[in-house]
Amino acid sequence: MRLSKYYMPTLREDPVDAETASHKYLTRGAFIRKQASGVYSFLPLGKKVINKIEAIVRESMENHDSIEVSTSILQAKEIWETSGRWETFGPEMFKLEDRHNRQYCLGPTAEEAFTDLIKNELNSYKQLPLNIYQIVDKFRDEKRPRFGINRSRDFLMKDAYSFDASYEGLELSYQKMWDAYVEAFDKMGLEYKIVEGDSGSMGGRKSHEFIALSETGEGVILYTDSSDYAATDEKARFKQEFVDEAEKELELVETVGKTTIEEVSSYLSEDPKHFAKAVDLKVKGEPMIVFVPGDRELNMAKLISYLQVPEHEVEMLDDEEIEKITGAKAGFTGPIDLKGEVRVLVDESLTKIKNLVVGANKTNYHYKNANFGRDFKGEVVEDLLTAKEGDMAYDGSGILKAARGIEVGNIFQLGTKYSESLEAYFLDENGKQQPFIMGSYGIGISRSVSAIVEQYHDDKGILWPTSVAPFEAIVTIINPNKEDQKELGEEIYNKLKEERIDVLLDDRKERAGVKFNDRDLIGIPYRITVGKDASDEIVEYSTRREMENEKITVDTAIEKIISSVKKDLSFN
């Protein structure tokens, strides 16, 4: 491709709303353009990167027995109602009506669509297992789109679904997709960790996430150096030690104006870990109080998973509602003598900590020496706590470390949640009707673009891995008005094309500085510069990563690029 005929409107200034390197360089480098909040177009360079990532994903999927299909992004209300998610999926779902007042959504995910697709086609265990996938746009009305294409309202995703006759078969399908993802992300050049994830609104038995490590990532993972343990902060557990001591007599103490754990802890000279902290919530319109240790944070993902409610159905109680339920102002809520009807959840750890400090449900008062069972009760939940760096891993394998990252892939064992609700059945070897055992597997194609740039950039621009670079090599003619430079540049360009190198020829009538800045910004891995030594068939060779110019013969430069690209794409 000749740059003089290419559409590459690079920018000199950073976009004003850019918070991350990927947003900044993808916009400045003419890979993407913002259309509206959370809505982006891909320009030619960006589309080439997308195409290369898609090709990697397709190859990995097909290497692991997954077959490509395509379903419409327009999904009928009926299948979502049947699965029970039309009302529960939440405000992220884009809903619309046609001229006949029939309701649809723009697909945020495709469990319902794929289950509906096969339910009348697969009818025998002999047709199983089956794994089918697609690469299509997804739509979610993000409350706060940010980070460019990393968190947008319209994003490109590969989603796959497996259908098995047994849970043993699901385990095999799950492992195949695990292996396919490892192959795909390795080929993209991403540094990532595979962690236990929260199934969330997807439901199912277990899930794992593929997290591309990045300091700007919104997700937090916790892991140990001494084992393979790793999990998202939504899922991670930690090991706790409890001291057995005699129960003391319950004591009401005055704590005027002390409403926070920190204030009461300091005033009473009590360790926050011996407090029961109240989190006052409203779930599906009904009040609920959750108690956790005073030195820990409630893990909302674990709570939502336990309650099996959508996230948007959980909100905080206001001060007036709290006072109505407790009889006290906010800040003095406790589990003893609640005044109103309210569901009380207690993290299991509080049943093992003796002599707790709790709110007295009386303004300006707390109780000391409160003990579960003797002084208060509640619905005990095994784990509602957020693990943090420095905790001991739940399996005792080591101290947890924290890292930030971008979720680029996920795999879920769905089980029969969708096959049963949508009545998708097959006949087993005994002629008995059974629901399909399903798995769901997603890769964020556009999000992978963002993650790669976050890992591969410097202060000048992007450093694409060869496998996903928009072009593998660029030939820059310093002065195309000089015939020897123009002819040599054209000769190199044509020879590289003959060797099937994806090459860009910068033959623009621009200043050398403009060409070099653009070249650094867009991040093509291998570069040849044709300048004043063209008549002697000497050129400058460099790589985007090292940025060291080397004067060598044309033939040597061409051979360097061919061998380097072939090595990079061998994936050995």
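1. Start at Leu-74, which you'll find in strand β4, residues 74–76 (strands, E, at least two residues, and helices, H or I, at least four, are DSSP runs numbered from the N terminus). Keep in mind that this is a predicted model: local features need pLDDT of at least 70, side-chain atom pairs count only at pLDDT 80 or more, and totals for chains, interfaces and linings use all residues. Residues are numbered from 1 along each chain as its sequence is written, and side-chain values use heavy atoms, with hydrogens and water left out.

2. Leu-74 is partly exposed, with a relative accessible area of 39% (buried means under 20%, exposed over 50%, partly exposed in between, with a 1.4 Å probe and protein chains only). Together with Ile-73 and Leu-96, Leu-74 makes a nonpolar surface patch of about 210 Å². Patch members have over 30% relative accessible area and no salt bridge, and nonpolar side chains (Val, Leu, Ile, Met, Phe, Trp, Tyr) are joined within 5 Å, like charges within 9 Å. The areas come from the Shrake-Rupley method with a 1.4 Å probe, and a salt bridge is a side-chain nitrogen of Lys or Arg within 4 Å of a carboxyl oxygen of Asp or Glu.

3. Now the rings. Phe, Tyr and Trp (its six-membered ring) pair if their centres lie within 6.5 Å; planes under 30 degrees apart are stacked, over 60 edge-to-face, the rest tilted. The count by this rule is 14 aromatic pairs. One of them is Trp-80 with Phe-89, edge-to-face at 5.6 Å centre to centre and 90° between the planes. Trp-80 counts as buried because its relative accessibility is 0%, and Phe-89 is buried too, at 14%.

4. Have a look at Tyr-192 and Phe-210 as well: this pair is tilted, 6.2 Å centre to centre with 40° between the planes. The pair links distant parts of the chain, as Tyr-192 is in strand β9 (residues 192–196) and Phe-210 in strand β10 (residues 206–213), 18 residues apart. Tyr-192 is buried at 17% relative accessibility, and Phe-210 is buried at 0%. Ring pairs also tie these two into a cluster with Trp-178, Tyr-181 and Phe-185.

5. Lys-48 lies over the face of Phe-471, 3.8 Å from the ring centre, and Lys-193 over that of Tyr-223, at 4.5 Å.

6. On the overall layout, the domain assignment (automatic or from a database) gives domain 1 (3–236 + 401–454), domain 2 (251–386) and domain 3 (471–569). The C-alpha centres of domain 2 and domain 3 are 66 Å apart.

Definitions and conventions:
A charge sits over a ring if NZ of Lys or CZ of Arg is within 6 Å of the ring centre and within 35 degrees of the ring normal.
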